[in-house]
Amino acid sequence: MSVSANAPVLVDTRIRKLAESLTLEQQVSLLTGADVWSTIEIPEIGLRRIVVSDGPAGVRGEDFDERHDSISLPSSSSLAAAWSVDLARRYGQVLGQEAHRKGVHVVLGPTINLHRSPLGGRHFECMSEDPVLTAQLAAGYVTGVQSTGVGATPKHYVANDAETDRFTADSIVADRPLRELYLAAFEQAVTEAKAWLVMSSYNSINGTTASENKLLETPLSTDWGFDGVVVSDWTGIRSVEAAKARQDLEMPGPRGHWGPNLVAAVEAGDISREAILEKVARILRLAARVGVLDGFEPAVTEMPEEINGRAFAREVAVRGSVLVRNDGNLLPLDASMLKRVAVIGHHASEARTQGGGSATVMPLQVISPLEGLREALPDDVEVTYSRGAQVVDGLQEFPRSALHNPVAGVPGVRVTFLDAEGAVLSAEDRLASHLIWFGVGIPEGTNSIRIETEWTAPDDRVHHLGVGAAGRVSLILDGDTVFDDELVDEHDVLGAALFSPPQVTFPVTTAAGQRVSVSSVFTLPENQGIPFSAILLGEEAVVDDAEGEIAAAVEAARGADVAVIVVGTTAAIESEGFDRKDLDLPGHQDRLVAAVAAANPRTVVVVNSGSPVLMPWRNDVCSVLLGWFGGQEFGAAIADVLLGAAEPGGRLPTSWPAALEEVPVLSTTPVGGKVLYEEGIHMGYRAWLKQAAAGGASPAYPFGFGLGYTSFNLGPVSADSSIPAGEGLAVRLPVTNTGIRSGREVVQVYVARPDSAIDRPIRWLAAFASVELAPGTSKEVDIQIPARAFEHYDGGWQVESGEFRILVGRHAEDEFQTLVVQVE
């Protein structure tokens with residue numbers, strides 16, 4: 001007999017009996033992972049393992065093997081810029097499809113911490129500075145993932161809004177901002193989308209580490225009715241004490257703080273057997289939902305119609321792109337009027353399409369802006385390329401097309417696993433020269449790994465070839481051992497050396513087309529708590545004449561009909577594990593843009609970053625397009641937008657400052673171990689509005705801002721003049737496309753209470769809706785403001801009766817249409 005996981009009472013009864021049938025040791029064993037990416041299996045009860053996988057913008061699976069490619073979607077900040085719940089739902093569905101393809105049952109996403117400070121290093125992976133926008137998109141994402149029968153995992157619960165000292169930082173947040181901002185971002189993912197998991201964060205909240213915090217009970221379980229599994233962030237469990245909280249699953253395994261220690265604690269009476277049974281039952285319920293528990297029908301038995309992943313990645317990148325400047329309506333470019341286009345910038349040919357850290361996936365292919373423009377422009381348009389300014393520092397893996405496997409005679413590299421005596425255990429043929437193993441992939445008994453390849457030099461010059469690894473490693477170039485020593489990992493962030501290992505390089509003079517033999521032997525570290533290793537073979541770009549590079553770009557721009565510069569950040573600036581020191585573009589990119597703009601007034605700048613950067617040249621160029629980390633189809637999407645095949649559909653999910661010193665909430669560095677959220681409820685655009693009202697600076701581009709290629713008129717707004725406390729409000733208005741192109745408008749509704757008896761933001765986002773219209777057409781738009789928009793938290797959700805203002809516009813600093821509504 002199979003019982004549907006959607007029949008809660010019957011399922012819970014049977015699952016409870018199943019949990020009770022297990023011994024204490026079996027029960028406790030279920031509460032710690034079997035390895036890095038899965039839970040244990042208990043065949044005698046029909047329980048198979050639950051496989052989990054990063055990450056929020058793609059599903060990597062259990063390994064970092066480039067042969068097991070993944071769809072790489074645009075980053076969460078790009079998704080949020082689209083201001084579309086439907087897009088977020090389809091985004092989640094694509095991830096669910098990918099999870100099925102990879103044999104994964106749980107996706108570790110979405111990441112929905114707030115953009116409290118623009119210095120937050122992981123903001124590319126989060127959505128917005130606003131809890132309403134974040135909450136609605138998160139709910140859409142979770143709904144999409146779970147529509148495929150795969151569990152979604154909103155993370156990191158909670159107030160984990162920076163990376164500095166993230167394992168030990170204590171976020172000190174008062175109840176009101178905690179409820180109204182940071183918890184509110186998670187609420188709809190649980191109450192409406194019914195997430196099957198939630199991940200607790202590394203940090204402490206008000207003195208108690210997240211995995212032991214009472215917030216896991218209230219509001220998560222009590223107020224919101226969460227019946228799923230609370231999984232720890234990896235190594236986030238600190239002690240047996242976490243088992244007394246609503247924390248269910250310790251990851252990774254098999255070694256952790258629970259196991260035998262937890263069995264002993266239960267037997268000693270320090271932790272109740274009932275608490276263990278409840279945790280086991282929740283894990284078994286998850287297993288039933290995802291279809292790995294015999295005798296229970298999965299929560300989803302029919303998949304939704306499949307979405308093409310590549311086409312969808314391109315759609316998200318287009319709809320999330322934000323046009324913040326278009327002087328003289330230079331964009332969209334008319335390809336029929338172009339003879340020569342100068343494409344400039346390191347990121348034009350080597351774009352950053354995804355963020356670093358656990359969000360990393362291995363796409364089959366990536367389209368750069370340079371490739372996208374060359375493909376989209378007619379053959380009679382000359383496209384020149386100049387790097388202009390080096391941006392990416394350090395060793396970069398070799399292009400796969402330049403590698404030849406000398407053993408197999410195919411493209412790529414040969415990898416050989418050796419035991420302590422040097423005997424071959426196994427070997428495999430790989431495609432890439434940056435190889436990562438995290439938990440799986442290295443045969444038991446391996447002492448060292450040998451990599452062999454032949455690299456073809458692209459030109460006549462000195463190249464700086466090297467190796468990166470944490471530990472003992474050698475580098476052999478054309479048979480000569482040029483390095484054989486220890487490389488010391490100086491990172492203090494778990495896993496950072498996987499993506500940016502310590503490295504060493506050596507100059508090699510080559511002729512164009514010359515093959516250079518490159519090999520390395522890496523000795524595995526001993527006694528790793530979590531088994532992970534990485535080896536990187538590649539080249540470091542060394543620029544001897546920075547001024548010459550800029551001059552060459554300027555000359556190319558001067559002779560072109562239009563110059564397209566792509567600027568951006570690097571993995572050394574935006575990544576998991578550390579925060580940013582400033583908001584500057586790295587290298588000489590600002591000088592490059594200024595010089596090119598002076599030479600050619602028809603200059604377009606595409607910004608390839610996951611979060612805000614300073615743009616001191618922004619008023620000196622014709623157009624500025626924010627492309628974020630645009631996923632594997634980034635270049636194709638950029639071409640679509642620049643050439644007018646599609647409209648830039650995005651609006652800012654976060655305020656973009658003009659200067660670092662003007663940012664009202666900035667520091668992410670703990671003082672005495674504590675991060676003080678002293679701004680209270682005034683965070684993000686709320687802080688900017690408060691600062692401006694006191695005579696201070698406003699951002700360069702406000703929250704919600706974005707231009708398009710057509711124009712809209714927002715007609716008269718109507719709504720009821722009064723509502724009872726505890727009820728929402730319906731707002732209606734006609735929207736008309738008054739331009740000559742089809743386009744999309746995002747109508748934003750804010751609420752204000754100028755004469756409030758309590759501290760409030762000057763205004764706060766309450767609801768939004770988008771509409772797509774052909775030129776000359778109109779549509780009536782209905783927007784529902786929830787009751788929560790009129791409430792504040794003071795020991796519970798309270799309503800201050802009286803007059804509220806309803807503000808309807810296009811961004812947080814717009815000239816609004818205003819209505820007054822009485823809340824009684």
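Let's start with the cysteines: there are zero disulfides in this structure, which is a predicted model. For context, a disulfide is a covalent bond between the sulfur atoms of two cysteines. Two of the cysteines are worth a look anyway. Cys126 has a relative accessible area of 5%, so it counts as buried. Cys622 comes out at 14%, and because that is under the 20% cut-off, Cys622 is buried as well.

S3 covers residues 106-107 and is joined to S2 by two bridges. If you want to find that contact on screen, pick Val52, whose bridge partner in S3 is Val106. In general, strands of a sheet pair through backbone hydrogen bonds, either parallel or antiparallel.

Next stop, the second largest pocket, with a volume of about 490 Å³. Its lining takes in 23 residues, and those nearest the centre are Val132, Glu180, Ala184, Arg788 and Ala789. Which elements give two or more residues to this lining? They are helices H5 (131-146) and H6 (175-191), plus strands S36 (764-773) and S38 (791-793). H6 gives the most, with six residues.

Note on methods: Residues are numbered from 1 along each chain as its sequence is written. This is a predicted model: local features need pLDDT of at least 70, side-chain atom pairs count only at pLDDT 80 or more; totals for chains, interfaces and linings use all residues. Side-chain values use heavy atoms; hydrogens and water are left out. On a 1 Å grid over the protein atoms alone, a cavity is a set of points where a 1.4 Å probe fits but cannot get out, and a pocket is an open set with protein on both sides within 12 Å along at least five of seven lines; lining residues have an atom within 4 Å of a point. Grid points are joined across faces, edges and corners, and a volume is the space filled by probe spheres set on the points. Helices (H or I, at least four residues) and strands (E, at least two) are DSSP runs, numbered from the N terminus. Two strands pair if DSSP finds at least two bridges between them. A disulfide is a pair of cysteine sulfur atoms within 2.5 Å. Buried means under 20% relative accessible area, exposed over 50%, partly exposed in between (1.4 Å probe, protein chains only).
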